[in-house]
Amino acid sequence: VSFAFDFLETTGESSETPELPAWETNSTIKEEEFTRAVALGLLDYLRKSKSHGFVVSLSGGADSATVAVLVAMMVRLTCQEIGVSGLAEKLAHLSGIEELEDERQWIRRLLACVYQATRNSSETTRSAAEAVATGLGAEFFAFDVDQLVEGYVETVSTAIGRTLNWENDDLALQNIQARVRAPGVWLLANLRQSLLLATSNRSEAAVGYTTMDGDTCGGISPIAGIDKAFLRDWLRWMETVGADGCGPVPELAPVNIQQPTAELRPPGEGQTDESDLMPYSVLDAIERLAIRDKLSPLEVYQQLQVDPRIESAGYANEMLAGWTRRFFQLWSRNQWKRERFAPSFHLDDENLDPKTWCRFPILSGGFERELRELDSFYQAQKEYLGEA
């Protein structure tokens with residue numbers, strides 16, 4: 001079988017090397033690439049879905065702040081590249097855009113942020129959320145959903161014949177707060193004909209540290225493939241440096257000085273994400289070794305002991321072994337959550353999205369045999385070190 005084929009004519013090789021934009025040659029190219037890749041993805045999704053903008057449930061924490069900033073960067077980078085008129089041409093399905101004359105007006109048109117308070121929310125996170133939304137130029141709303149939470153708690157308490165309390169019903173009382181926040185922000189998104197953006201990250205996905213039908217709600221999840229440690233570093237970079245040609249977002253300072261917290265337990269308990277789970281640096285190291293590199297629990301534990309970044313933190317072997325066991329248990333139990341996450345952007349080979357990359361059984365043995373091997377090794381190591 002033969003096919004007709006013509007080679008393209010060439011005019012000779014050019015001796016000139018194309019000049020790269022400044023952001024491709026600086027020392028923070030990973031941060032620059034992340035910003036620009038997600039910004040482009042958001043614009044493309046907005047354009048093709050014919051949506052009228054985005055809504056973000058802004059908690060005052062790192063993840064939702066990241067998503068809001070990325071929407072703003074979508075506008076700023078697009079205007080930088082093709083101008084305000086070019087952005088209007090890309091989003092020609094929107095009405096009334098002739099009146100939008102600059103980036104800030106476009107951001108306010110396309111981005112709405114909502115802070116939803118319960119009695120366990122703090123003034124710190126509320127003011128941080130408002131500062132970020134205002135600094136970006138987004139429209140900002142504040143909902144008080146505490147009465148809705150209490151209504152559900154009272155309804156269920158009456159039905160089961162006892163009052164729910166933190167001593168016996170901790171997880172349920174946390175989750176209902178996250179779930180109550182979903183309907184109102186969905187309603188706002190519907191009213192604005194906008195896309196609700198989910199704000200969960202990859203570290204949370206790995207261990208299921210997220211509430212289904214709560215903070216996972218959304219039509220698309222822009223940062224579901226990105227680990228928490230990188231996101232926190234990126235936010236500090238955005239606060240002080242920012243993407244080339246756009247400058248910093250100093251309003252991120254009140255977000256960056258906080259320890260990540262879900263704010264779902266009473267304030268006096270001092271809840272933080274890392275106290276609920278483990279240090280994010282350790283979680284992300286375990287996740288890469290276990291899922292990307294496909295190492296067993298024992299191999300992961302052994303690698304953690306020789307990882308310079310982990311070793312410098314001075315964690316005891318008992319803690320490393322416990323965190324390794326906890327990761328594998330939580331990973332296995334929470335595949336069903338990863339199956340239900342909103343679509344995300346596939347940015348690298350560390351994505352945990354089972355629909356596009358990382359398949360894993362919904363039900364499994366949970367690494368029981370491998371965890372027994374880890375326990376046996378740790379006990380032998382402990383006895384040896386004790387003798388030494």
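**Entry 1: two helices**

I began with helix H1 (residues 29–49) and helix H2 (residues 62–90), whose axes come within 8 Å and cross at roughly 55°. My axes are lines fitted to C-alpha atoms, for helices over the stretch in contact, with angles from 0 to 180 degrees between N-to-C directions.

Next I listed the contact (heavy atoms within 4.5 Å). On H1 it includes Phe-34, Val-38, Leu-42 and Arg-47, and on H2 it includes Leu-70, Met-74, Gln-80 and Lys-90. By class, I have 12 nonpolar, three polar and three charged residues between H1 and H2. Ala, Val, Leu, Ile, Met, Phe, Trp, Tyr, Cys and Pro go in as nonpolar, Asp, Glu, Lys and Arg as charged, and the others, Gly among them, as polar.

**Entry 2: ground rules**

A reminder to myself: this is a predicted model, where local features need pLDDT of at least 70 and side-chain atom pairs count only at pLDDT 80 or more, while totals for chains, interfaces and linings use all residues. Residues are numbered from 1 along each chain as its sequence is written, and side-chain values use heavy atoms, leaving out hydrogens and water.

Helices (H or I, at least four residues) and strands (E, at least two) are DSSP runs, numbered from the N terminus.

**Entry 3: the sheet**

I traced an open sheet of four strands in the order S3-S2-S1-S4, with parallel pairing (strands pair if DSSP finds at least two bridges between them). Its edges are S3 (139–144) and S4 (195–197), each pairing on one side only. The twist averages 25° from one strand to the next.

Then I went through the pairs:

- S2 and S3 run parallel and are joined by six bridges; Ala-112 has Glu-139 of S3 as its partner.
- S1 and S2 pair in the parallel sense over four bridges; Ser-57 has Val-114 of S2 as its partner.
- S1 (residues 54–57) and S4 run parallel with three bridges; Val-56 has Leu-197 of S4 as its partner.

**Entry 4: strand S2**

Is S2 buried or exposed? Seven of the seven residues of S2 (residues 111–117) are buried, so the strand is largely enclosed by the rest of the structure. Buried here means under 20% relative accessible area, exposed over 50%, partly exposed in between (1.4 Å probe, protein chains only). I checked both faces of S2, and both are covered: Leu-111, Cys-113, Tyr-115 and Ala-117 lie on one side, with Ala-112, Val-114 and Gln-116 on the other.
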